Amino acid sequence: MDEDTIFAPMTALGRAAISTLRLSGPATGPAVLALAGRCPQPRKASLRRLRDAAGDVLDEAVVIWSPAPHSYTGEDVAELHLHGGRAVLDGVVEALMALGLRMAEPGEFSRRAFLNGRMDLVQAEAIGDLVAAETAGQRRQALRQMEGALGRVYEDWSDRVAGTLAHQEALIDFPDEALPPEVEAILTGEITRLTQEIGAHLNDGQRGEKMRDGLVFVIQGAPNAGKSTLMNALAGRDVAIVSPIAGTTRDALEVHLVLGDAPVTLIDTAGLRETEDPVEAEGVRRARARASQADLVLSLVSVEASDTAPTVRDAAGQVPTLVIATKADLGPIPPGTDLAVSVIDGTGMPALHERLHAFARTATAQSGPPPLTRQRHRAHLQQAHRHLCLAIAEPEPELRAEEMRLALSALGGITGKIGVEALLDRIFADFCIGK
Ligand SMILES: Nc1nc2c(c(=O)[nH]1)N(C=O)[C@@H](CNc1ccc(C(=O)N[C@@H](CCC(=O)O)C(=O)O)cc1)CN2
Ligand SMILES: Nc1nc2c(ncn2[C@@H]2O[C@H](COP(=O)(O)OP(=O)(O)OP(=O)(O)O)[C@@H](O)[C@H]2O)c(=O)[nH]1
Ligand SMILES: [Mg+2]
């Protein structure tokens, strides 16, 4: 399969100034020769007319030919930068298929780059993240990971476990040799340090995962508290229907915001109350479900209402909650609220913005060593951590070495140096065609 020569559009399909295709694999050179008449100089942009098998001109294109291994995939690669258009693309695709090339699967170019040793899995995942990045914070995190900072952390742990494993095996193989008695203590000390470092990385408040996936803020409160009005004000547009009738919002409505560098999904929900109406009751159920999964609940209490702030705070349970008095223009602020706002006269809105920014900043803070960025890494690290803890507690040298081998293979699976085959489909299937 990797002997195939593949091609795909690199740019999204549709009307655009340029559309690009790339080819990768051993038949790239012959294909360029067939389309462009001759092969251009390596890694120099050259302008060529592309022709189909019948000799009809398809387009003029800037062609870049990069022979292996000096290319993105590490194979022979060519890029065709076309004026494009539907008929041009169709013509080029038809010509390439006739030459025995096939369309690439999503992520197949990057998969080949990985298999050819051009990047490790953590870097490949970072490229996917960079393509998807929507905020400056996500971009910085992905770039840092792409440049290898996170992979190096995992490589370093992997090397250290391998080192202690080698010593552990020496203890097994040469039990009677004159190894200093403190060797065992040194090994245990090193494994303990490793569990502490990995433990601290796992226990980082999910800052990296939250930067990558985005934070979720849920607006909750009694009917008519002003939830939809506040959602519209924070979104800066008219997303949700607002009315003086209690029970207006039924479905949870989402908007995407960028607070500082962090992506945030803000969700407006149905007002919480006991109701006979099955549709509204389902809305209330969904509101509670969303709030229980949130990073932050904005719990709204109208100054007109009789329910008190402490009751509202208790209702939110474990989730961090900001209790906000709404409609501050209509009366005195109830005690126990964190903040009072009025969307009518603007009271408290700058303060609310600041609180939300501060929360997002803290929850995704990027200072210090690179944070954990995805669930896949977390799962491997949890396994490695568990096996290292078992190794510390294990008195039997052979069994201890076995725990360390399991820890090593869990760590190796992160960067892809060990036991990787089964992972590839999962990782690269999420990529775009052409990446
Ligand atoms: N036109 C174009 N833009 C692109 C890409 C691409 O493949 N083509 N990339 C990907 O989709 C990214 C850049 N990644 C790349 C990484 C390495 C090489 C490469 O050919 N490296 C060689 C030669 C380096 C050099 O010219 O100095 C090497 O490392 O040996 C190319 C692209 C983003 N922009
Ligand atoms: N005076 C004043 N009225 C407000 C303010 N915010 C909202 N309202 C009014 O309060 C009423 C209810 O507002 P909504 O935003 O629809 O309330 P809700 O919490 O989404 O209500 P449900 O969707 O029914 O749960 C509307 O008539 C709004 O115009 C405010 O800050 N001051
Ligand atoms: Mg509403």
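**Figure 1. The shell around ligand 2 by residue class.** The shell around ligand 2 has nine nonpolar, 11 polar and three charged residues. In this count Ala, Val, Leu, Ile, Met, Phe, Trp, Tyr, Cys and Pro are nonpolar, Asp, Glu, Lys and Arg are charged, and the others, Gly among them, are polar. The shell consists of 23 residues, and the closest are Gly226, Ser228, Thr229, Thr249 and Gly271. A residue is near a molecule or strand if its C-beta atom, placed from the backbone, lies within 6 Å of it. Helix α9 (residues 227-235) gives the most to this shell, with three residues. Helices (H or I, at least four residues) and strands (E, at least two) are DSSP runs, numbered from the N terminus. The model is predicted: local features need pLDDT of at least 70, side-chain atom pairs count only at pLDDT 80 or more, and totals for chains, interfaces and linings use all residues. Residues are numbered from 1 along each chain as its sequence is written, while chains are lettered from A and ligands numbered from 1 in the order in which they are written.

**Figure 2. The shell around ligand 1.** Arg43, Ser66, His70, Ser71, Tyr72 and Glu79 surround ligand 1. By class, one residue of this shell is nonpolar, three are polar and two are charged.

**Figure 3. The open sheet that includes β1.** Six strands lie in the order β3-β4-β5-β2-β1-β6, and their pairing is mixed. The edge strands are β3 (46-51) and β6 (102-103), each of which pairs on one side only. Two strands count as paired if DSSP finds at least two bridges between them. Strands of a sheet pair through backbone hydrogen bonds, either parallel or antiparallel. β1 (residues 6-9) and β6 are parallel, with two bridges. Methionine 103 in β6 is the bridge partner of phenylalanine 7.

Figure 4. Two residues are in contact if their C-beta atoms, placed from the backbone, lie within 7 Å. Axes are lines fitted to C-alpha atoms, for helices over the stretch in contact, and angles run from 0 to 180 degrees between N-to-C directions.

**Figure 5. Strand β2 and its two partners.** Five of the six residues of β2 are buried, and the strand is mostly covered. Buried means that 20 or more other C-beta atoms lie within 10 Å of the residue's own, with C-beta atoms placed from the backbone; exposed means 12 or fewer, and partly exposed is in between. β2 pairs with β1 in the antiparallel sense over four bridges, and arginine 22 in β2 stands opposite alanine 8. β2 also pairs with β5 in the antiparallel sense, over six bridges. There, threonine 20 stands opposite histidine 81 in β5.

Figure 6. β4 is largely enclosed by the rest of the structure, because seven of its 10 residues are buried. Six bridges join β3 and β4 in the antiparallel sense, and arginine 49 stands opposite glutamate 60 in β4. β3 and β4 form a hairpin with five residues between them. In the turn, glycine 55 has a positive phi of about 90 degrees. On β5, β4 has an antiparallel partner with six bridges. The bridge partner of valine 63 is leucine 80 in β5.

Figure 7. The order of the six strands is β8-β9-β7-β10-β11-β12, with mixed pairing. β8 (253-259) and β12 (339-340) stand at the edges with a single partner strand each, so one side of each is left without a neighbour in the sheet. β10 (residues 296-302) and β11 (residues 321-326) pair in the parallel sense over six bridges. Leucine 298 stands opposite leucine 322 in β11. Helix α9 lies across β7 (215-221), β8, β9 (262-268), β10 and β11, and runs at about 155 degrees to β9. This helix also gives three residues to the shell around ligand 2.
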